[in-house]
Amino acid sequence: MKKSFLPAVVLSLTILAGCGNTDNSAHQTNNEHGESHAGHSAGTEQHSSDQGYLNAAFTFPAGSATANNETELSVQITDQKGVPVNDFEVNHEKLLHLIIVNHDLSYFSHIHPDFKGEGRFSINTQFPAGGDYKLFADFKPAGGSSTTLSEWVKIEGEPAAHTDLKAYTKLVKEVGDKEVELAVSNTFAKEETILTFHLRDARTKAGIDNLEPYLGAVGHVVILSEDASQYLHVHPLDEKATGPEAQFATTFPQAGIYKIWGQFQHRGEVITVPYVVEVKER
């Protein structure tokens, strides 16, 4: 997997907020780095072009980050003139969602930095091994459209071995005392796809029908292409569903291998369930 890395201390990029497609099923916003952000909602998401260019700087105030040591991570959001952006809309109960994955997508973290003012978000976190990680800042500026800014960072320490992604032959995963099966309506690029998660008790196989809201919805799904260049954050068709099924609609932008993470909450515990699928051209 071929990647270009920037220094880990200060990493910034720019996106034109508000440029993208809007329809009644999904929206996708592409930035100049070729990434995408897609989601599904019951209504049409409105886009605004008055935000101009937005920048994100991912920094480690200590100067660097070392594996297995708690470190502060900051995300600074500014406009094209370098002025801090201070007005954000709450999006699924948070002002900013931070997704972290490693080089082969074997590590996944979905966390929520605190807003400190002057455009800066901060959180203490740990990285399980050294090597390359990609950070995705997912947020919505006030009056603008959903925006995702991302960059690769390098963490000091012994890196984990790289394992190539391979599509699962069976989309059933057991996490703790739960069994979660994923049904995919189709695996063709550029066509709407319905992802249906079936949650049941791993021992009795009885359906779980009392899922609790996680970030204001029955669940959340994050999808990344194998090289982490395509990012999709997908919301459920019925946010108030409680199981045993949870459905999500999305569109894979191109053929390739994708990793899917479904997140659900039950009895106060959030579970994360991963799958790998291959998407083809029709």
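Here are legends for a few close-up views of this predicted model.

**View 1. A four-stranded open sheet with antiparallel pairing.** Let's start with the layout: the strands run in the order β12-β13-β14-β17. At the edges sit β12 (172–175) and β17 (245–251), each of which pairs on one side only. Neighbouring strands in this sheet are turned by 20° against each other on average, with direction ignored. As a reminder, the strands of a sheet pair through backbone hydrogen bonds, either parallel or antiparallel.

**View 2. The pairing of β13 with β14.** Zooming in on this sheet, we find β13 (residues 178–184) alongside β14 (residues 192–201), joined in the antiparallel sense over seven bridges. Which residue of β14 is the bridge partner of Leu182? Look for Phe197.

**View 3. The largest nonpolar core, with 27 residues.** Good places to begin are Ile77 and Ile100, the residues that touch the most other members. Two or more residues each come from β4 (53–59), β5 (71–79), β6 (96–102), β9 (120–125), β10 (131–139) and β11 (147–155). Strand β10 supplies the largest share, four residues.

**View 4. The surroundings of Ile77.** Leaving aside residues up to four places away in sequence, Ile77 touches Asn55, Ala56, Val83, Pro84, Val85, Phe88, Gly119, Phe121, Phe139 and Leu149.

**View 5. A second, separate core of 26 residues.** Among its members are Leu182, Ala241, Tyr258 and Val273.

Technical notes. Residues numbered from 1 in each chain as written. Predicted model: local features only at pLDDT ≥ 70, side-chain atom pairs only at ≥ 80, totals over all residues. Heavy atoms only, no water. Pairing = 2+ DSSP bridges. Axes fitted to C-alpha atoms, helices over the stretch in contact; angles between N-to-C directions. Core = buried A, V, L, I, M, F, W, Y, C linked by side-chain atoms within 4.5 Å. Buried < 20%, exposed > 50% of the residue type's maximum accessible area, 1.4 Å probe, protein only. Contact = heavy atoms within 4.5 Å.
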